[in-house]
Amino acid sequence: MEVTRILHLVGTMKQRYGVTSFLMNFYRNIERDKIQFDFLIYNDTEKHIIDEIRNLGGKTYLMPTLSIKSAGIFIKYINSFFCHNDIKYNVIHSHFHQVESIIFPIAKKNGTRICISHSHSTRYSESKIRAIRNWLMCLPLKKNATHYFACSKDAGKFLFGKNNLELKKVVIIRNAIDCTKFRYNIKIREEMRAKLQLQDKIIFGNVGSFKTPKNHIFLVDVFNEILKLNEEARLVLVGGGELEIQIRNRIREYGIMDKVILEGIKNNVEQYYQAFDCLLFPSKFEGLGIVLIEAQVSGLSVVASDVIPEEARVIENIEYLSLMLTPKQWAEKALQIVEKSERRDRYEEIKNANYDLRDEAKRLYNIYKKLEDS
């Protein structure tokens, strides 16, 4: 049986990015003897991810940077890629909309029939200037793409329009997870809390990259208010990124350095969820908020911003709050939800809500095959 190869068009593939997690999770769990993922990457990426892709049987290609000055070089590379590459790709699955208006038409001229545009967010950018630039670059998107995918209804409506969503022209591909990995485990909880030396504390936590959309400055403001109400509270931040200095400065300004632990980027985030008593998730925008799904499997209570799609709420342990509320109001609600929550495993509920990775990987494979056979 001939293996089908899907070309994924992506920007930077770094471990801390949501799109990277989405792609690698599905790639690890899809039937690779029947289907393979290859990657056309805009920027260089982390070596261990490239190595894993190759070990799984995939190929990676690095395209040049696109700018006004380098547009000619970029177009020449894309033309050469699709004209002369040994593999003729019938399906392109894009997660990088800014270059689709160039790449999709060239790919179609060279025999690609299916060009999928996949929405992972509900905004073009956290920066106003970049948002305008990206909006302009995405204007031809609906015309050039042959199929629309999204991680949630909100993300689909944002990029492809309410009409396409209502006409069911947008396929929702859930940001699924390995549910078994995140199941509540009292032994791991006790071990992690001991490792953090926080056995007798109320632990508030967050998992996410230190970028503007994740709203860590507001999160620290909230935690400072929590401490005024309960001195036994502690904050653990798992992640990293360009705003780390600003976050550390905010913590220092409040004089709460001994109450906050910055753990950096970790490969075992599932163990941190076990240790937490409440996840604080005040994002300014999210395509779905996969962290919330992970947290819910372990029965962790969550206080999240109300801009996050309702699809992320599977169990009753999530409290959505407006970012217009004050940090003090967030703090009061966070402490309330910790006091009333009862921690237990919620694996079956999350799995039955179709967020199990193995099930969703099979569904994605069947979607690809159906598109190819159509």
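Me: Axes are lines fitted to C-alpha atoms, for helices over the stretch in contact, and angles run from 0 to 180 degrees between N-to-C directions. With that settled, at what angle do helix H13 and helix H15 pack?

Reply: Keep in mind that this is a predicted model. Helix H13 covers residues 290-297 and helix H15 covers residues 347-355. Their axes lie 8 Å apart, and the packing angle is about 145 degrees.

Me: How many residues of the contact of H13 with H15 are nonpolar?

Reply: On the H13 side, the contact is made by Ile293, Gln296 and Val297. H15 brings Tyr347, Ile350 and Tyr355. Sorted by type, no residue here is charged and one is polar, which leaves the nonpolar ones, and they number five.

Me: Which residue does Arg5 meet in a salt bridge?

Reply: Let's start from the strands: Arg5 sits in strand E1 (residues 4-10), and the partner belongs to strand E2 (residues 35-41). The pair links distant parts of the chain, 33 residues apart. The two side chains come to 2.8 Å, N to O, and the partner is Asp38.

Me: Is Asp38 buried or exposed?

Reply: Arg5, the salt-bridge partner of Asp38, counts as partly exposed at 22% relative accessibility. For Asp38 the relative accessible area is 0%. Buried means under 20%, so Asp38 is buried.

Me: How many residues apart are Glu225 and Lys228 in helix H10?

Reply: These two side chains meet in a salt bridge at 3.1 Å, N to O. Glu225 counts as buried at 18% relative accessibility, while Lys228 is exposed at 59%. Helix H10 spans residues 216-229, and about one helical turn separates the pair because their spacing in the helix is three residues.

Me: How many salt bridges does the structure hold?

Reply: Side chains of opposite charge can pair when their charged atoms come close. One example is Asp258 with Lys259, at 3.1 Å, N to O. Arg174, Glu360 and Arg363 are linked in a network of such bridges. For the whole structure, the count is 21.

Me: How far apart in space are Pro64 and Ile78, C-alpha to C-alpha?

Reply: Pro64 is in the loop between strand E3 (60-62) and helix H3 (71-84), and it is partly exposed at 22%. Leaving out residues up to four places away in sequence, Pro64 touches Tyr42, Ile73, Phe74 and Tyr77. Pro64 and Ile78 are 14 residues apart in sequence, and in space the distance is 9.2 Å.

Me: Which residues does Asn175 touch, not counting residues up to four places away in sequence?

Reply: Asn175 belongs to the loop between strand E7 (170-172) and helix H9 (186-195). The residues touching Asn175 are Phe22, Cys151, Leu288, Ile290 and Tyr355.

Conventions. Residues numbered from 1 in each chain as written. Predicted model: local features only at pLDDT ≥ 70, side-chain atom pairs only at ≥ 80, totals over all residues. Heavy atoms only, no water. Salt bridge = Lys/Arg side-chain N within 4 Å of Asp/Glu carboxyl O. Helix = DSSP H or I, 4+ residues; strand = E, 2+ residues; numbered from the N terminus. Buried < 20%, exposed > 50% of the residue type's maximum accessible area, 1.4 Å probe, protein only. Contact = heavy atoms within 4.5 Å. Nonpolar A, V, L, I, M, F, W, Y, C, P; charged D, E, K, R; others polar.
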